[in-house]
Amino acid sequence: TGDICDHKPDYLAALRLLESAPAPLGVYASLGNHEYIRGVGRIRGHFDKTTIPLLVDEGLSIPVADSTSDAFTLLMSHRSQALDYAVPLSGVDLILAGHTHGFQFGIAGRSAFEPFFPEHYIWGHYAKEQTQLYTTAGVGHWLPFRFGCPPEAPLFTLHRS
């Protein structure tokens with residue numbers, strides 16, 4: 001969901017690492033603000049050298065062998081506020097987001113800043129109507145420390161309810 005690598009010389013290597021992940025349905029990416037800060041043209045060029053689809057204002061269907069006609073809609077959004085925009089559209093089942101790094105300060109598995117920014121969905125699981133959201137704290141950082149908010153690269157296994 002963006003901000004894949006802040007050190008431009010390592011960006012392609014980071015993509016290659018993701019590309020080698022054991023992902024039966026594929027690896028997909030979207031852009032974050034750090035890709036724009038670091039030079040989105042060059043970053044897009046790195047994606048062209050991989051098999052990872054870079055999704056920018058687009059979607060795709062991923063066929064699953066045991067699926068029925070019921071479609072499951074997953075939205076990758078760098079910013080978690082996408083939840084507020086997706087809910088009125090209905091039909092978005094799950095949103096995966098990042099951007100905030102959990103503000104790098106957590107208490108009891110939640111961002112310590114959540115009471116001050118309740119509509120920013122800073123870190124963890126959220127739900128609104130029928131739409132679920134998970135905002136990852138990511139593996140990167142803004143500051144050279146984290147407190148109570150460890151780096152994470154979540155792995156999700158989806159099951160039909």
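Phe47 has a relative accessible area of 4% and is buried, where buried means under 20% relative accessible area, exposed over 50%, and partly exposed in between (1.4 Å probe, protein chains only). The structure is a predicted model, in which local features need pLDDT of at least 70, side-chain atom pairs count only at pLDDT 80 or more, and totals for chains, interfaces and linings use all residues. Residues are numbered from 1 along each chain as its sequence is written, and side-chain values use heavy atoms, with hydrogens and water left out.

Seven aromatic pairs are counted; rings of Phe, Tyr and Trp (its six-membered ring) pair if their centres lie within 6.5 Å, with planes under 30 degrees apart counted as stacked, over 60 as edge-to-face and the rest as tilted. One of these pairs is Tyr11 with Phe47, edge-to-face, at 6.2 Å centre to centre and 65° between the planes. This pair links distant parts of the chain, with Tyr11 in helix 1 (residues 11-19) and Phe47 in helix 2, 36 residues apart. Helices (H or I, at least four residues) and strands (E, at least two) are DSSP runs, numbered from the N terminus. Tyr11 also counts as buried, at 1% relative accessibility.

## Other aromatic contacts

Phe103 and Phe113 form an edge-to-face pair as well, at 5.5 Å centre to centre and 65° between the planes. Phe103 belongs to the loop between strand 2 and strand 3 (106-107), whereas Phe113 belongs to the loop between strand 4 (110-111) and strand 5, 10 residues apart. Phe113 is partly exposed, with 32% relative accessibility. Ring pairs join Phe103, Phe105, Phe113, Phe117 and Phe147 into a cluster.

The charged end of Arg110 sits over the ring of Tyr126, 4.5 Å from its centre; the criterion is NZ of Lys or CZ of Arg within 6 Å of the ring centre and within 35 degrees of the ring normal.

## Nonpolar cores

A nonpolar core is a set of buried Ala, Val, Leu, Ile, Met, Phe, Trp, Tyr and Cys residues joined through side-chain atoms within 4.5 Å. The largest such core has 17 residues, and Leu83, Ile95, Tyr121, Trp123, Tyr126 and Leu133 have the most contacts inside it. Helix 3 (82-86), strand 2 and strand 6 each give two or more residues to this core. Strand 2 contributes the most, with four residues. A second, separate core of 10 residues includes Ala14, Ala29, Leu31 and Ile43.

Four strands form an open sheet of mixed pairing, in the order 1-2-6-5; two strands pair if DSSP finds at least two bridges between them. Strand 1 (74-76) and strand 5 (124-128) each have a single partner strand, so one side of each is left without a neighbour in the sheet. Strand 1 and strand 2 (residues 94-97) run parallel and are joined by three bridges. Within this pairing, Leu75 stands opposite Ile95 in strand 2.

## Backbone and confidence

Two residues other than glycine have positive phi values. His99, with phi near 75°, lies in the loop between strand 2 and strand 3 and is buried, at a relative accessible area of 18%. Glu129, with phi of about 50°, lies in the loop between strand 5 and strand 6 and is exposed, at 65% relative accessibility.

The chain averages a pLDDT of 91, and 97% of the residues score at least 70; pLDDT is the predictor's confidence in each residue, from 0 to 100.
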